[in-house]
Amino acid sequence: MDCGNGIRLNNKYYGTFDSYGNQIFIKPKTRVSVITMMNEAVYAMHDDKLLALDIIPDRKKISDRMDFDMEKPVIRKKYIPPYDSI
């Protein structure tokens with residue numbers, strides 16, 4: 001478990017759900033056993049309970065509904081002095 005109520009596995013965040021589809025919140029820093037099936041289904045075992053893991057979508061920096069004219073950051077090249085000046 002990370003600092004929130006999710007499990008980070010293979011650079012993805014997963015939420016824990018019981019067999020009824022209710023999200024189960026586990027105390028942060030709790031150790032759980034993660035089980036990956038051959039069909040890429042992912043489960044977690046905690047206190048002898050099998051919990052399904054579902055991917056939590058990544059957050060975006062800005063909302064799609066807002067009309068912000070974001071300025072693109074200026075990418076600056078690093079100046080590397082010529083070899084002759086040393």
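This is a predicted model: local features need pLDDT of at least 70, side-chain atom pairs count only at pLDDT 80 or more; totals for chains, interfaces and linings use all residues.

Modeller: Residues are numbered from 1 along each chain as its sequence is written, and side-chain values use heavy atoms, with hydrogens and water left out.

Biologist: In which sense do strands E1 and E2 pair?

Modeller: Strands are DSSP runs of at least two residues, numbered from the N terminus, and two of them pair if DSSP finds at least two bridges between them. Here strand E1 (residues 6-9) pairs with strand E2 (residues 12-17) in the antiparallel sense over 4 bridges, and Arg8 has Tyr13 in E2 as its bridge partner. Their hairpin has 2 residues between the strands, and Asn10 takes a positive phi near 55° there. E2 also pairs with strand E5 (residues 49-56), again in the antiparallel sense, over 5 bridges.

Biologist: Which residues does His46 touch, leaving aside those up to four places away in sequence?

Modeller: Contact means heavy atoms within 4.5 Å, and His46, which is found in strand E4, touches Ile26, Thr30, Arg31, Val32 and Leu51.

Biologist: Why does Met45 count as partly exposed?

Modeller: Buried means under 20% relative accessible area and exposed over 50%, with partly exposed in between (1.4 Å probe, protein chains only). Met45 has 35% relative accessibility, so this residue counts as partly exposed; Met45 is found in strand E4 (residues 42-46).
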